[in-house]
Amino acid sequence: MFSKRVQKLSPSPTIAVDVKAKAFKRQGVPVINLSVGEPNFKTPGNIRKAARLAVDKEISFYTQPEGIEELRFAIVEKFKRDNKLSYDISDIIVGVGGKQLLYSAFQVLCDKGDEVIIPLPAWNTFVEQVKLADGKPVLIKLKSPFHLTAADIKKVLTPKTKILLINSPSNPTGAMIDPEEMKKIADLAIKNNFFVISDEIYEKLVYAQKHVSIASINEKVKQQTLVVNGVSKSYAMTGWRVGFAAGPKEIIAKMKSLQSQMLTHVPNISQIAAVEALTGDQTSVETMKKAFAKRRAFCLRELRKIKGFSFAEPEGAFYFFVSVEKLLGKKYPTSSAWAEALLEKEKVAVVPGEGFFYPGYFRMTYAASDEDLQEAMIRIKRFVEAEK
């Protein structure tokens, strides 16, 4: 009854845990949900005001599939300001979040059997979308602290290598690619003529080093790179569903054609809100970043107190990726079983490492309230001590 490509598709483990946690909450159970990558802040007031004004002006008609010009101009300026990258608006496309643009990119670039290199641990969606495009995911298992190097990539390069997918800062680890290593990766891409898709959605949430876009290294690698970003994480706009991508005109044009058949365009009210996000007062971004930095420091301190845990200090994003390998055994043979028990017994939701193709670990977000994080640390510690 179903197509082969859908039958080989795995559901999102993050969403599955989030759904279960929310079901508990509806029943009145005091769950602390550290599973989903979503800032706990409200969308800034100036952005909400821009959207309300758009509604009042009855801006409710179709727009261009690739996004309104005003937003694409704002994105061009954003790349110039933040990344020292020069693009034309014809190099820009707006999509329904970064996820949809990644899907479009793989559909446009992959033929059956084309190899896509993906460093692990990785967001489950990367792998599933490559499979949906009939590509072949080639997985590199990185060791903690999960820093991708050009040498890692060389080990898996073949004549069928079509794309390298990078995500710096990373979901789920918060790891960032060293700037010098990024240059070596760019040289490798040029020499071996493979394309780079760079997911930079967490670029404004960095704590240990400056974010560097691989496309900014030189013009040659820029012509082989699609940069995917959006307003979800930096501006607390996850539900507005606005992502954007920049790359060679030919690829953007094909993505536009595909998008026109898939979804017509991103809702125009969301696009107008995104214009304000990118061009308006940026104070809220720094305010949120400071709050995340404070929560990161708190979690770092508290997680280090829990015997049996080990982890690399995250350099960006808002996640910890924690090893529980020392705690696994007959009772909880996998990190999935361990995380399930944590949810059942202490009502703390985290995502097991299996969801990132990296068993033995769990991911927790610190994009939660101070109160929730404080209580979560108490519950997690209590769970670990009770299960010894």
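Which residue just after α6 takes a positive phi? D134 does, with a phi of about 65 degrees. Before going further, note that this is a predicted model, in which local features need pLDDT of at least 70 and side-chain atom pairs count only at pLDDT 80 or more, while totals for chains, interfaces and linings use all residues. Residues are numbered from 1 along each chain as its sequence is written, and side-chain values use heavy atoms, with hydrogens and water left out.

Helix α6 covers residues 124–132. This helix is mostly covered, as 8 of its 9 residues are buried; buried means under 20% relative accessible area, exposed means over 50%, and partly exposed lies in between, with a 1.4 Å probe and protein chains only. The buried residues of α6 are N124, T125, F126, V127, E128, Q129, V130 and K131.

V127 counts as buried because its relative accessibility is 4%. With neighbours within four places in sequence left aside, V127 is in contact (heavy atoms within 4.5 Å) with I118, P137, L139 and F357. The C-alpha atoms of V127 and L165 are separated by 9.9 Å, and these two residues are 38 apart along the chain.

Next come two pairs of helices. Helix α5 spans residues 97–109 and helix α10 spans residues 249–262. Their axes come within 9 Å and cross at roughly 115 degrees. Here axes are lines fitted to C-alpha atoms, for helices over the stretch in contact, and angles run from 0 to 180 degrees between N-to-C directions. The angle makes α5 roughly perpendicular to α10; angles under 35 degrees count as roughly parallel, over 145 as roughly antiparallel, 65 to 115 as roughly perpendicular and the rest as oblique. The crossing of α5 and α10 is right-handed. A crossing is called right-handed if the near helix is turned clockwise from the far one by less than a right angle, and left-handed if anticlockwise.

On the α5 side, the contact is made by Q100, L101, Y103, S104, A105, Q107, V108 and L109. On the α10 side, the residues are I251, K254, M255, L258, Q259 and M262. By class, this contact has 9 nonpolar, 4 polar and 1 charged residues. The nonpolar class holds Ala, Val, Leu, Ile, Met, Phe, Trp, Tyr, Cys and Pro, the charged class holds Asp, Glu, Lys and Arg, and the others, Gly among them, count as polar.

The second pair is α3, residues 45–56, and α11, residues 268–279. The axes of α3 and α11 come within 8 Å and cross at roughly 140 degrees, and the two helices are therefore oblique to each other. Their crossing is right-handed. In α3, the residues N46, I47, A50, A51, A54 and V55 meet I269, I272, A273, E276 and A277 of α11. The residues of this contact divide into 9 nonpolar, 1 polar and 1 charged.

Helix α11 also holds N268. N268 is buried, with a relative accessible area of 9%. Leaving aside neighbours within four places in sequence, N268 is in contact with I59, S60, F61 and T63.

In the loop between β5 (161–167) and α8 (179–192) lies P169, which is joined to S168 by a cis peptide bond with omega about 0 degrees. P172 is also in the loop between β5 and α8, and a cis peptide bond with omega about 25 degrees joins N171 to P172.

Two residues other than glycine in loops have positive phi values. N193, in the loop between α8 and β6 (195–199), has a phi near 55 degrees. N193 is exposed, with a relative accessible area of 61%. T264 has a phi near 70 degrees and is placed in the loop between α10 and α11. At 36% relative accessibility, T264 counts as partly exposed.

Last, the cysteines. How many disulfides are there? The count comes to 0, where a disulfide is a pair of cysteine sulfur atoms within 2.5 Å. C110 counts as buried at 6% relative accessibility, and C299 counts as buried at 0%.

Methods. Helix = DSSP H or I, 4+ residues; strand = E, 2+ residues; numbered from the N terminus.
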